[in-house]
Amino acid sequence: MFSLFRHILLTSLVAAALTGTAQAQTAATEFKPQVGQAGKDVIWVPTPKSLVEKMLKMADVKPSDVLYDLGSGDGITVITAAKLYGLRATGIEYNPDMVELSKRNAQREGVADKTEFIRGDIFATDFSKATVVTMYLLPYLNLKLRPTLLNMKPGTRLVSHAFTMDDWAADQTDSTEGRTAYLWIVPAKVEGKWTLGNGSVEFKQKFQDIYGTYTSADGMTYRLTNTSLRGDQISFSAGTASYTGRVSGPVMQGTMRPRPDAQGTSWSASLVNVK
Ligand SMILES: C[S@@+](CC[C@H](N)C(=O)[O-])C[C@H]1O[C@@H](n2cnc3c(N)ncnc32)[C@H](O)[C@@H]1O
């Protein structure tokens, strides 16, 4: 009896010692990120939580949004978005240790089921499902991503910590603790000639800035005024008439008022020469 008791005691002590050693080894080998550590195209520096929260507010995120953080580091943006707004969020990160760290952080914060971390290159990984894209990269990387970003669904919100998109002006800028964030809303593509009732409208476009002319059925031409394009929402005036509507590929439609005090009627326009 005594020897059995001694055996159990000894076995427990050995097991406890082994577990302790294993834990000590895990703690000793667990990856510890260093601010400034090298990354594929840019080093790791985390965005402060206060700015992450501001960026999410600027993007007006909703639980139905799908967020992608390009170069997700320790997962701070992805995890904060999932935690605060309950949305699905994905990080794309090249460094596999950072990916594993992000997964552990998401687990600890209780959002493992809402988040995903992909070990990959942001230039070779599909993020076209995103309705919100966040990034903290470098000016030339933003510029390299710009054609892809501009081809995303109109209305997709892009938020960048610190860096701009060259001559694509931001729709909104905000700062906290000396850090700045920029927001862009992907504009619909409207450049070209559209039939509008018996007349036509011709738009020129530079990102979200639009201008152009309206030509009536009897050949009168008006310069467009009060033009605005925010995602797929468009508005413009031609003479006394004002138009508001939504762009959906080669069609736009909405409400038109011939004069400011007149009743609104519906209008639609179709792109001519769709390729
Ligand atoms: C400045 S940190 C930003 C981290 C995080 N987005 C944040 O705001 O806290 C940039 C991150 O991008 C990663 N990175 C660099 N080049 C990359 C690439 N080509 N593809 C994916 N990740 C990349 C780095 O490893 C680093 O973690």
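I took helices (H or I, at least four residues) and strands (E, at least two) as DSSP runs, numbered from the N terminus. This is a predicted model, in which I required pLDDT of at least 70 for local features and 80 or more for side-chain atom pairs, while totals for chains, interfaces and linings use all residues. I numbered residues from 1 along each chain as its sequence is written, and I used heavy atoms for side-chain values, leaving out hydrogens and water.

Entry on backbone angles. I looked up Asp60 in the loop between α2 (49-58) and β1 (66-70). Its phi is near 55 degrees, a positive value in a residue other than glycine. For exposure I applied these limits: buried is under 20% relative accessible area, exposed over 50%, and partly exposed in between (1.4 Å probe, protein chains only). Asp60 has a relative accessible area of 46% and is therefore partly exposed. I then turned to Asn226, a residue of strand β12 (residues 225-230). Asn226 is likewise not glycine and has a positive phi, near 50 degrees. With a relative accessible area of 60%, Asn226 is exposed.

Entry on Thr80. I located this residue in helix α3 (residues 76-85). Thr80 counts as buried because its relative accessibility is 3%. I noted a polar side-chain atom of Thr80 at 2.6 Å from the backbone oxygen of Ile76. For polar contacts I used pairs of N or O atoms within 3.5 Å; within protein, one atom must be able to donate a hydrogen and the other to accept it, and residues adjacent in sequence count only if both atoms are side-chain atoms.

Entry on the ligand. Which residues are the closest to the ligand? I found 20 residues around the ligand, of which Asp41, Thr47, Asp69, Gly71 and Glu93 are the closest; a residue counts as near if one of its heavy atoms lies within 4 Å. The shell holds nine nonpolar, six polar and five charged residues. In that division, Ala, Val, Leu, Ile, Met, Phe, Trp, Tyr, Cys and Pro count as nonpolar, Asp, Glu, Lys and Arg as charged, and the others, Gly among them, as polar.

An N or O atom in the side chain of Asp41 is 2.7 Å from a nitrogen atom of the ligand. For Asp69, a polar side-chain atom lies 2.9 Å from a ligand nitrogen; for Asp121, the distance from such an atom to a ligand nitrogen is 3.0 Å. On its own the ligand has 600 Å² of accessible area, and the protein covers 99% of this (Shrake-Rupley method, 1.4 Å probe).
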